[in-house]
There are 2 protein chains.
Amino acid sequence: MSDETPKKNIILEHGEKFFGYYPQLLIVVGVRYCGKVNFIPVAWKTCLSYTPFLYGVSIGKNRFTHSLMQQSSSFSVNFLNYEHTHLVRSLGRSSGAEIDKEKEFNINFTTGEKTDAPIMTLAYCTFECLKQEAVLFGDHTLFVGKVVTIEIKENVMKEDKTLNTDIVSPILYLGIDNFITIDNKSFLSLKKLPLHYKVKKKR
Amino acid sequence: MSDETPKKNIILEHGEKFFGYYPQLLIVVGVRYCGKVNFIPVAWKTCLSYTPFLYGVSIGKNRFTHSLMQQSSSFSVNFLNYEHTHLVRSLGRSSGAEIDKEKEFNINFTTGEKTDAPIMTLAYCTFECLKQEAVLFGDHTLFVGKVVTIEIKENVMKEDKTLNTDIVSPILYLGIDNFITIDNKSFLSLKKLPLHYKVKKKR
């Protein structure tokens, strides 16, 4: 793609959707309330703070999971490998209001160390979160959790606490049930390049 | 990676950082206030609502950009191709308090259609955003913008408004100045599989 490729402006009609901000890593949120367990894939999510360690997941206010999340005091954030894409798609294209997803899709899970959030056995990493805030933005609510436990498969992390992409190929979402993963051959480390600060800063 | 790989729990010390929630698409936020223009790469960001179309970017409260964002009424979200990773890393490892990044790193930009946010010429897509809210979560502020214009290179989008990964290789961040991009050969479309809803729903 040339840097001189012409640009155009897109004007969205009211309610029209645009997916050009993807790919985004897809995680699966797990929640339990009054014995009902549910799982939903979420691409709209982000880390929000280092200290305290906060993670936010954005869920449509008409989703069944939304009401569970409003009532529960905790949730889990499950990171899955690309081989589980079909499962994740099924979790997204079904509703916990109609079925028990964990039975329908044979999902094994344990219970968190510090909360009753369901921890997916398949996940290579899971954040167990205590819900701290729920903030409505437009048609979705951002549920903000404090990460109280990180459960992770051995060898998934490097010593510097970055992901070992020799082992993990995470699920990236492109919109409209299209998925993709990373190209490990493209890995590029620039951490040894000089910094551009004039005043010396901690890295 | 076998699903039977044993798991362990990680307990973070106070202030210790963990990067296992990456990779995340890296965007560059552009902001202008009182003639000062600045650009900063952000991996902590997400779409927040379809209608209205809201996009949030999380910026550390000690960053120079944070004060510009607090004062300005608009910002831009710039999506760049993987070939520009060195530039993006330089924008992250420098401070607008010390240098004019646009001069130091030769960044060409135009001015937004509806705001004075700087639009990077290099970007394959840019969201021009009107700031709507700024919410502090821990040590970062989430700046929420309403997307008022989408400026995009021709051929970058498919007809269904998803990204054309034959043309675009976005920058994904892994933490600590490590980067990676997508493997276009792994593209998987599951949109023709049956849904699992019992009650018929709109897709």
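Analyst: Let's take α2 of chain A. The elements covering its buried residues include β3 (27-33), β4 (36-42), α3 (101-104), β9 (118-120) and β13 (178-189) of chain A, along with β13 (178-189) of chain B. Before going on, some ground rules: this is a predicted model, where local features need pLDDT of at least 70, side-chain atom pairs count only at pLDDT 80 or more, and totals for chains, interfaces and linings use all residues. Residues are numbered from 1 along each chain as its sequence is written, chains are lettered from A and ligands numbered from 1 in the order in which they are written, and side-chain values use heavy atoms, with hydrogens and water left out.

Buried means under 20% relative accessible area, exposed over 50%, and partly exposed in between, with a 1.4 Å probe and protein chains only. A contact is a pair of heavy atoms within 4.5 Å.

Back to α2(A), residues 85-92: seven of its eight residues are buried, so the helix is largely enclosed by the rest of the structure. The buried ones are A:Thr85, A:Leu87, A:Val88, A:Arg89, A:Ser90, A:Leu91 and A:Gly92.

Helix α1 of chain A (residues 64-71) makes a handy comparison. Here A:Thr65, A:His66, A:Leu68 and A:Met69 are buried. They span an arc of only 165 degrees around the axis, which puts them on the same side of α1(A); the arc is taken from the directions from the helix axis to the C-beta atoms. Their cover includes β3, β4, β6 (54-60), β7 (74-79), β10 (125-137) and β11 (140-153) of chain A.

Leaving aside neighbours within four places in sequence, A:Val57 touches A:Met69, and its other partners include A:Ile27, A:Val29, A:Trp44, A:Phe75 and A:Phe143. A:Val57 is among the residues with the most contacts inside the largest nonpolar core, which has 115 residues; A:Tyr21, A:Phe127, B:Tyr21, B:Val57 and B:Phe127 are the others. Such a core is a set of buried Ala, Val, Leu, Ile, Met, Phe, Trp, Tyr and Cys residues joined through side-chain atoms within 4.5 Å. Apart from that one lies another core of 12 residues, including A:Val135, B:Val135, B:Phe137 and B:Leu142.

Now for how the chains relate. The same surface serves both copies, as 99% of chain A's contact residues recur in chain B.

A:Phe53 and B:Phe18 have ring centres 6.5 Å apart and planes at 55 degrees, so the pair is tilted. This pair runs from the loop between β5 and β6 of chain A to the loop between β1 (7-10) and β2 (24-25) of chain B. A:Phe53 counts as buried at 8% relative accessibility, and B:Phe18 does at 2%.

The peptide bond from A:Tyr22 to A:Pro23 is cis, with omega near 10 degrees, and A:Pro23 sits in the loop between β1 (7-10) and β2 (24-25) of chain A. Another cis bond joins A:Thr51 and A:Pro52, with omega about 0 degrees; A:Pro52 is in the loop between β5 (45-49) and β6 of chain A. A:Asn106 isn't a glycine but has a positive phi of about 50 degrees. It is found in the loop between α3 and β8 (109-111) of chain A, and at 66% relative accessibility A:Asn106 counts as exposed.

Zooming out, chain A has three helices and 13 strands, and buried residues make up 60% of its 203 residues.

Key. Helix = DSSP H or I, 4+ residues; strand = E, 2+ residues; numbered from the N terminus. Phe/Tyr/Trp six-rings, centres within 6.5 Å; stacked < 30°, edge-to-face > 60°.
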